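Here's a short tour for anyone meeting this protein for the first time. Take a look at the picture, then read on.

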Amino acid sequence: LGPFCGRPACQFISTTPEKARGVCADAYMQRKTVVVPSVDDYPGHIACDGETKSEIVCPLLYEGRSIGVLDLDCLALDGFDEDDRAGLEKIASLITQSCDW
């Protein structure tokens with residue numbers, strides 16, 4: 001992983017049940033990876049970069065609870081598939097297992 005290379009992203013995304021919205025909040029709260037083929041079709045999508053067309057968000061899980069997310073955007077529609085999901089989930093697991101929380 002390296003430093004963020006895109007445009008400025010959201011500073012805060014609510015995870016309060018009544019106020020939560022967006023792919024990151026959904027992945028975090030549901031504790032499961034969310035693959036979005038077209039961000040324009042995702043209810044409540046938060047557009048941090050207007051160029052983004054698809055997205056995948058994987059929760060970082062530690063001791064059964066969400067502690068963050070790993071969020072990847074793509075400039076193409078259908079930019080992520082099941083192989084990407086499986087790979088990102090392995091990366092997320094490595095991150096949570098290797099950190100001293």
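## Ground rules

Two strands count as paired if DSSP finds at least two bridges between them. Helices (H or I, at least four residues) and strands (E, at least two) are DSSP runs, numbered from the N terminus.

This is a predicted model, where local features need pLDDT of at least 70 and side-chain atom pairs count only at pLDDT 80 or more, while totals for chains, interfaces and linings use all residues. Residues are numbered from 1 along each chain as its sequence is written, and side-chain values use heavy atoms, with hydrogens and water left out.

## The overall plan

The protein chain has two helices and three strands.

The three strands make an open, antiparallel sheet, ordered β1-β2-β3. β1 (34–36) and β3 (65–74) sit at the edges with a single partner strand each, so one side of each has no neighbour in the sheet.

β1 and β2 (residues 54–62) pair antiparallel over three bridges. Val36 has Glu55 in β2 as its bridge partner.

## The helices

Helix α1 (residues 23–30) packs on the sheet and touches β1, β2 and β3; contact means heavy atoms within 4.5 Å. The direction of α1 makes about 145° with that of β3. Axes are lines fitted to C-alpha atoms, for helices over the stretch in contact, and angles run from 0 to 180 degrees between N-to-C directions.

Helix α2 (residues 82–98) lies across β1, β2 and β3, at about 35° to β2.
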